[in-house]
Amino acid sequence: GLIEFSVGKFRYFKLNRPFPEEAILRNISSNATFLIFQIHSQYQNTTISFSKTLLPSTSGTGTDKGLVFILRPEQSMCFWYLETSDAEPVQNMAIPLSYSERDPIPGGCNLEFDLDIDPNIYLEYDFFETTIKFAPANLGYARGTDSPPCDTRTGQDSRWRLQYDVYQYFLPENDLTEEGLLKHLQSMAEVPQVMANAIKVVTLTANDKTSVSFSSLRGQGVIYNVIVWDPVLNTSAAYVPAHTYACSFDAMEGNCSSLGRVSTKVFFTLFALLGLFICFFGHRFWKTELFFIGFIFMGFFFYILITRLTPIKYDVRLVLTAIAGSLGGIFLVAAWWRFGILTLCMLCVGLVLGFFVSSVTFFTPLGNLTIFSNDAVFWVTFSCIVVLIPVIFMGCQRILNILTCGFIGSYSVVLAIDSYMYTSLSYIALNVLKRALSPHFRRAFTNVPFQTNDQRALPEGAASWRENTPASVDAKGLGQCDPEEHRQALLQLWCLCPACFSNLQCKSNKKTGLCICVVSLPMHGDYNSK
């Protein structure tokens, strides 16, 4: 069959395996010196070629592919060929774009990939990071003339003056539809639309490596594009945009439609149930909170250790982490029961809150600063923030305890939600875990979208503060002065041992109607504090 296109117009069509299609573009303007034809599909591969015979140097296969047509003098028509090797029909969207002799040519100085002029963005991903690579561009030139040399000169009259702006565009959360992707790709094909809709992540010069890494966002659709800009002529051109969900649509387990393994869902659901209890009642159930804190402490470090040192499968690692975390929680509870050292236990509580605060700090754009791509600088700064939190709050341990219960308990629910559906807030902790596990993650940009699921999750932390603040305990100080009643209230409020309140005296203030209690607290050594 024959498919006819128009410059700057998107067209939808389907390709079938036994039936390759011929494409034609008529009435090309005489002002145009080169064309970029690009074709997109969601996850099934499509092949685009200059000829019916497929050769590596004249064709490309993938979900986001394009070809550059250098126009001859008087040429006003172009032909190319489209086909797919997939057994199922493939829905495609394509568009041809024209550029003038003043515009830079994307991929015009390609030395790495198969095509002579390659405008494509090559994308690779794993659990940790997504990396895009592209070929350097060349200066534009008129029809019928020779292309400027790529590497004979390095001055302002050569391609070394060109700059590359890398853009990132997030699809709506949990949108895995083909229609949604192809619609949003239209916002990333041409220069004005890219600049208006996407986020500019970094600007590269001709001296920089044409490769950029991002944190992989599993299940979240992301579109990447690069705009090459000529600062002398103030002209620009766009590469062929590339997209990824950082997951596979064809995988039997853990595919894009069913994110998260069964073991992950079980682990984080149980963890969230405990965290939800701690979020609202942890300050009143001290030993349960200590178990929760000890579980986090031991589980986090144990998972990093066995992942880096052993080839054990993920499900086994998760089971061993649960066992190690439980032992850590039991150990912390036993230490409190045996020694009763409040300061040591509150130090552990404060360090967990400090870890969360430090993770939130590097979750912001501050984490993308170039200085933090150095591991030594990152981990020293991260550790300083972790230690700073307990130092600040050690003088007001009640507030420290309430804050930890509220924030850490509610965040455990966020992690559980992420095992069922995408939420960006889970990457507060996941980015730190990735940094600890992968030596290459330091070069990745950690941008994430802030969308509906995240907006719903945020109020939970505020609610936990209100519920976890023992206003009901304070209210027990009103009315009748019953020493036993206030003894129980103070036990819940300060989380101390019952023996500390054996000598409790209360009396009512007639003017204010309040009940004033005085208690003697035994301290270490020969001192008592009233």
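**Entry 1: the Glu129 pair**

I began with Arg443, which counts as partly exposed at 47% relative accessibility, where buried means under 20% relative accessible area, exposed over 50% and partly exposed in between, with a 1.4 Å probe and protein chains only. I am working on a predicted model, in which local features need pLDDT of at least 70 and side-chain atom pairs count only at pLDDT 80 or more, while totals for chains, interfaces and linings use all residues. Residues are numbered from 1 along each chain as its sequence is written, and side-chain values use heavy atoms, with hydrogens and water left out.

I then looked up the partner of Arg443 and found a salt bridge with Glu129, at 3.2 Å from N to O; the term requires a side-chain nitrogen of Lys or Arg within 4 Å of a carboxyl oxygen of Asp or Glu. Glu129 lies in strand β11 (residues 129-134) and Arg443 in the loop between α9 (427-437) and β18 (444-445), so the pair ties together parts that are 314 residues apart in sequence. For the element names I note that helices (H or I, at least four residues) and strands (E, at least two) are DSSP runs, numbered from the N terminus. Glu129 itself is buried, at 7% relative accessibility.

**Entry 2: the other salt bridges**

I counted on the computed total here, which is six salt bridges in the structure. Asp151 and Arg159 form one of them, with their closest N and O atoms 2.8 Å apart; I noted Asp151 as partly exposed at 42% and Arg159 as buried at 7%.

Arg161 and Asp230 form another, the closest N and O atoms being 2.7 Å apart. This pair links distant parts of the chain, since Arg161 sits in the loop between β11 and β12 (163-170) and Asp230 in strand β15 (residues 222-230), 69 residues apart. Both ends are buried, Arg161 at 12% relative accessibility and Asp230 at 2%. I also recorded a network of salt bridges that links Asp375, Arg435 and Arg442.

**Entry 3: Ser147**

I looked up Ser147 in the loop between β11 and β12, where it is partly exposed with a relative accessible area of 41%. Setting aside residues up to four places away in sequence, Ser147 touches Asn138 and Tyr141, a contact being heavy atoms within 4.5 Å.

How many of the eleven residues of α9 are buried? I found ten, so α9 is largely enclosed by the rest of the structure.

The contact is made by Phe300, Tyr303, Ile304, Thr307 and Arg308 of α4 with Leu433, Ala436 and Leu437 of α9. By class I read six nonpolar, one polar and one charged residues, where Ala, Val, Leu, Ile, Met, Phe, Trp, Tyr, Cys and Pro count as nonpolar, Asp, Glu, Lys and Arg as charged, and the others, Gly among them, as polar.

**Entry 4: α4 against α5**

I next took α4 with helix α5 (residues 314-339), which pack at about 140° with their axes 6 Å apart. The two are therefore oblique to each other, given that angles under 35 degrees count as roughly parallel, over 145 as roughly antiparallel, 65 to 115 as roughly perpendicular and the rest as oblique. In the contact of α4 with α5 I noted 18 nonpolar, eight polar and two charged residues.

**Entry 5: Thr264 and the whole chain**

Thr264 lies in helix α3 (residues 262-281) and is buried at 11% relative accessibility. Leaving aside neighbours within four places in sequence, I found Thr264 in contact with Tyr314, Leu318 and Ser419.

For the chain overall I wrote down twelve helices and 22 strands, with 48% of the 530 residues counting as buried. Among contacts between residues at least 6 apart in sequence, 72% join residues at least 24 apart.

Technical notes: Axes fitted to C-alpha atoms, helices over the stretch in contact; angles between N-to-C directions.
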